[in-house]
Amino acid sequence: MREMNGFDEERIGRLLRLLPPAPEGWVRAAQELPAARAALDELVARAERDAEFRLQLQADLERAVAAAGYDPSPFIVSRLRQLLEAV
Amino acid sequence: MPVEQTDAQLVSRCRAGEADAWNEFVERFSRYVYAICGRGFRLAQQDAEDVFQEVFARAYERLHELRSDDAVRPWLAQLTRRLCIDRLRLVARDAPSDSELDERDVDDVLATLDEAMTVRAALDKVGDPCREILDRFFCRDESYRMIGDLLDIPAGTIASRISRCLDKVRAELDGRSQGSRPS
């Protein structure tokens with residue numbers, strides 16, 4: 001790590017400029033991850049006990065997730081895809 | 001004014017499953033991850049968004065693997081770096097380019113962003129109204145007039161307020177580096 005002493009006002013301002021806020025939508029989506037994780041767990045549990053649902057997921061993952069009443073967010077879709085490929 | 005908690009305290013609350021902790025975690029580190037994707041690796045917006053979401057998804061899933069709660073910032077930086085490199089390789093495979101990533105340049109940018117996060121933490125410690133004024137001026141690039149209108153303060157006083165607030169942040173940083181802040 002660099003030496004942290006010797007901050008002057010100009011340097012503080014310059015460093016603050018390097019950290020603009022991330023787009024609001026990105027932040028919100030990341031904050032919703034716990035809910036998405038819970039939804040993912042429910043979908044996985046259903047896929048494990050319901051062969052028909054598993055087939056629907058394999059045929060059209062996003063549509064099957066939406067039809068089951070969940071938001072097919074990138075997180076849910078990517079994780080389900082990984083799980084299906086691993087089976 | 002709420003007492004600003006350390007990174008370690010925030011991570012500990014996330015592990016304990018406290019309802020608001022994850023929101024605060026994302027809020028605290030979103031700028032850092034965003035800046036690494038953009039300034040460090042110059043990812044296109046869509047690629048940066050994908051990496052940004054994947055970083056927080058993995059952080060959420062693997063927070064329990066963190067050896068020291070204090071080390072969350074370098075851990076996130078490393079995670080973001082790996083995912084950015086993976087993304088750049090994917091992009092290069094689909095659309096080869098002559099420009100190569102110089103990892104030394106990235107190291108420099110990441111070190112500077114680490115400093116910026118230290119300054120940001122000091123600003124959080126100083127709190128509002130300084131946090132809001134400096135954030136609007138430096139991070140959101142708003143004019144004196146816009147800040148004055150939004151915060152209902154005379155635009156002619158913004159420059160002096162910024163100067164005083166920078167002074168407070170510097171004092172906070174000096175206290176931190178000396179490690180002898182009065183309780």
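Mentor: Start with one term: a residue is buried if 20 or more other C-beta atoms lie within 10 Å of its own, and exposed if 12 or fewer do. Keep in mind that this is a predicted model.

Trainee: Okay. What percentage of chain B counts as buried?

Mentor: Of its 183 residues, 32% are buried.

Trainee: And how many helices and strands does chain B have?

Mentor: Eight helices and zero strands. Along the sequence the pattern reads α-α-α-α-α-α-α-α. The C-alpha atoms of chain B fill a box of roughly 55 × 40 × 30 Å along the principal axes.

Trainee: How much of the contact in chain B comes from residues 24 or more positions apart?

Mentor: Such pairs make up 65% of the contacts in chain B with a separation of 6 or more.

Trainee: What does the domain assignment give for chain B?

Mentor: Domain 1 covers 1-125 and domain 2 covers 127-183. Their centres, taken over C-alpha atoms, are 25 Å apart.

Trainee: How many residues are in contact between those two domains of chain B?

Mentor: Six residues of domain 1 are in contact with seven residues of domain 2. On the domain 1 side, four are nonpolar, two are charged and none is polar.

Trainee: Switching to the two chains. How many residues of chain A are in contact with chain B?

Mentor: 26 residues of chain A are in contact with 35 residues of chain B. On the chain A side, the elements that give two or more residues are α1 (9-17), α2 (24-31), α3 (33-49) and α6 (74-86).

Trainee: Which of them gives the most?

Mentor: α1(A), with six residues. By class, the side of chain A that touches chain B has 19 nonpolar, three polar and four charged residues.

Trainee: What about the largest nonpolar core?

Mentor: That core has 66 residues. Those with the most contacts inside it are Y32(B), V33(B), I36(B), C37(B), F52(B), V119(B) and V169(B). Its largest share, ten residues, comes from α2(B). It also draws at least three residues from each of domain 1 and domain 2 of chain B.

Trainee: Pick Y32(B). What is it in contact with?

Mentor: Leaving aside neighbours within four places in sequence, Y32(B) is in contact with L19(A), L76(B), L113(B) and M117(B). One of those, L19(A), belongs to chain A.

Trainee: I clicked on L83(B). Is that one buried or exposed, and why?

Mentor: L83(B) lies in helix α4 of chain B. It counts as buried because 23 other C-beta atoms lie within 10 Å, and the cut-off is 20 or more.

Trainee: Which residues does L83(B) touch?

Mentor: Not counting residues up to four places away in sequence, L83(B) touches V51(B), E54(B) and V55(B). L83(B) and D50(B) are 33 residues apart in sequence and 9.5 Å apart in space, C-alpha to C-alpha.

Trainee: And T6(B), buried or exposed?

Mentor: T6(B) sits in the segment before α1 of chain B. It has 12 C-beta neighbours inside 10 Å, so it counts as exposed.

Trainee: Last topic, the backbone. Where is the cis peptide bond that involves P129(B)?

Mentor: It runs from D128(B) to P129(B), with omega near 5°. P129(B) lies in the loop between α5 (103-126) and α6 (130-139) of chain B.

Trainee: What is phi for D141(B) and D152(B)?

Mentor: For D141(B) phi is near 60°, a positive value in a residue other than glycine. D152(B) also has a positive phi near 60°. D141(B) is in the loop between α6 and α7 (144-151), and D152(B) is in the loop between α7 and α8 (158-178).

Trainee: Why do they count as exposed?

Mentor: D141(B) is exposed because it has 10 other C-beta atoms within 10 Å. D152(B) is exposed because it has 6 C-beta neighbours inside 10 Å.

Conventions
Residues numbered from 1 in each chain as written. Chains lettered and ligands numbered in written order. Predicted model: local features only at pLDDT ≥ 70, side-chain atom pairs only at ≥ 80, totals over all residues. Helix = DSSP H or I, 4+ residues; strand = E, 2+ residues; numbered from the N terminus. Nonpolar A, V, L, I, M, F, W, Y, C, P; charged D, E, K, R; others polar. Domains from an automatic or database assignment. Core = buried A, V, L, I, M, F, W, Y, C linked by C-beta atoms within 7 Å.
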